[in-house]
Amino acid sequence: MSPTKFAVKMHEKSPSAGVFNHIPPELPEPDVQILTTGGLLIPVHSSILALASPALETILDRPRKHRQKERVIPILGVPCDAVYAFVRFLYSSRCADEEMEKYGIHLLALSHVYTVPQLKQRCTKVLAEGLTTENVVDVLQLARLCDAPDLHLKCIKLVADKFKAVEKTEGWKFLQRHDPRLELEILQFMDEAESRKKRRKRQKEEQSLYLQLNEAMDCLVHICTEGCTDVGPYDMEVSKRRAPCNKYSTCKGLQLLFRHLAACDSRANGSRCLRCRRMWQLLRLHASICDHPDPCKVPLCSQFKLRMQQGKKRDDAKWRLLVRKVVSAKAISSLSLPKRMRDDVAISPRLT
Ligand SMILES: [Zn+2]
Ligand SMILES: [Zn+2]
Ligand SMILES: [Zn+2]
């Protein structure tokens with residue numbers, strides 16, 4: 001293909017849209033050549049190169065040595081076809097999908113070096129979509145060199161997610177040998193991601209526990225004022241007791257604890273069994289958040305409140321924090337959790 005023909009062919013493929021709208025159909029003769037690997041020369045127009053790439057414009061503006069008749073810009077180190085695709089993009093703002101697929105890595109490097117943000121953006125997107133455990137380390141290194149933070153982050157996340165597969169690849173082994181700093185950076189990211197995951201899991205579990213406690217508090221009041229299936233206020237006839245309520249999974253556990261508390265003989269031995277202690281804590285928790293005017297129907301509520309007022313039982317910081325969390329769990333659950341999740345939380349109360 002003759003130089004002029006190539007330039008014309010590139011122009012023929014140029015879109016009528018985009019920044020090249022104003023290029024006249026009849027281009028002048030190319031005035032610059034791009035030298036590619038293997039010694040191939042691509043004739044191009046300096047005006048178009050300068051318009052599409054500030055970096056190339058700077059190169060073109062440099063004073064020429066030896067008063068060369070024709071300027072030559074070497075673009076070496078990438079396959080010749082990748083340079084063709086790059087030049088075609090400079091002319092047309094377009095790049096075929098096959099070219100992008102085949103030369104995405106090279107085009108990213110070229111778009112970075114020669115400051116062609118539109119192409120860089122496209123390469124970043126395509127490379128991110130095509131990431132695999134096999135190519136991720138290569139793309140990661142390139143993303144770092146080419147200052148492509150989004151692509152860099154996506155690569156690191158993939159390495160972290162599929163580390164077992166990635167560490168078997170040649171790319172990873174090469175990285176270990178030649179770029180220990182990057183290896184360390186990736187391992188640190190993975191470590192932090194693991195800590196974040198554990199922290200989120202712990203917070204979720206805590207929140208779930210506070211929600212359960214909050215629901216237990218509701219059930220406690222419900223049992224002691226309205227009564228439920230097996231347990232109700234002492235002044236309520238057994239026949240008037242209700243059918244299972246809508247929080248029955250939690251309510252049932254509390255009813256069993258009530259029955260146990262009434263029947264347990266561990267107190268006679270001067271101690272309380274684990275279940276009695278648990279019920280005792282729940283009754284104390286109720287008293288700590290109860291705003292019902294006396295007399296409250298929940299057992300021991302008045303006594304606990306009195307002791308708190310008299311300062312006989314100084315609540316420790318841990319207990320006050322628990323009370324605060326249970327109260328806020330109620331607000332959070334009613335504001336942010338969808339109903340389905342709130343229902344899920346109540347499935348397995350730790351009350352029995
Ligand atoms: Zn109930
Ligand atoms: Zn007991
Ligand atoms: Zn109360």
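These legends cover close-up views of a helix pair and a sheet.

The structure is a predicted model, in which local features need pLDDT of at least 70, side-chain atom pairs count only at pLDDT 80 or more, and totals for chains, interfaces and linings use all residues. Residues are numbered from 1 along each chain as its sequence is written, while chains are lettered from A and ligands numbered from 1 in the order in which they are written.

**View 1. Helix 5 crosses helix 6.** Helix 5 spans residues 97-113, and helix 6 spans residues 117-129 (helices are DSSP runs of H or I, at least four residues, numbered from the N terminus). Their axes come within 9 Å and cross at roughly 140°. The crossing is left-handed (the near helix is turned anticlockwise from the far one by less than a right angle).

**View 2. Residues meet between helix 5 and helix 6.** Helix 5 brings M100, G104, I105, L107, L108, S111 and H112. Helix 6 meets them with L119, K120, R122, C123, T124, V126 and L127. By class, this contact has eight nonpolar, four polar and two charged residues.

**View 3. Strand 1 pairs with strand 3.** Strand 1 covers residues 32-36 and runs parallel to strand 3. Five bridges join them. V32 stands opposite R71 in strand 3.

Methods. Axes are lines fitted to C-alpha atoms, for helices over the stretch in contact, and angles run from 0 to 180 degrees between N-to-C directions. Helices (H or I, at least four residues) and strands (E, at least two) are DSSP runs, numbered from the N terminus. Two residues are in contact if their C-beta atoms, placed from the backbone, lie within 7 Å. Ala, Val, Leu, Ile, Met, Phe, Trp, Tyr, Cys and Pro count as nonpolar, Asp, Glu, Lys and Arg as charged, and the others, Gly among them, as polar. Two strands pair if DSSP finds at least two bridges between them.
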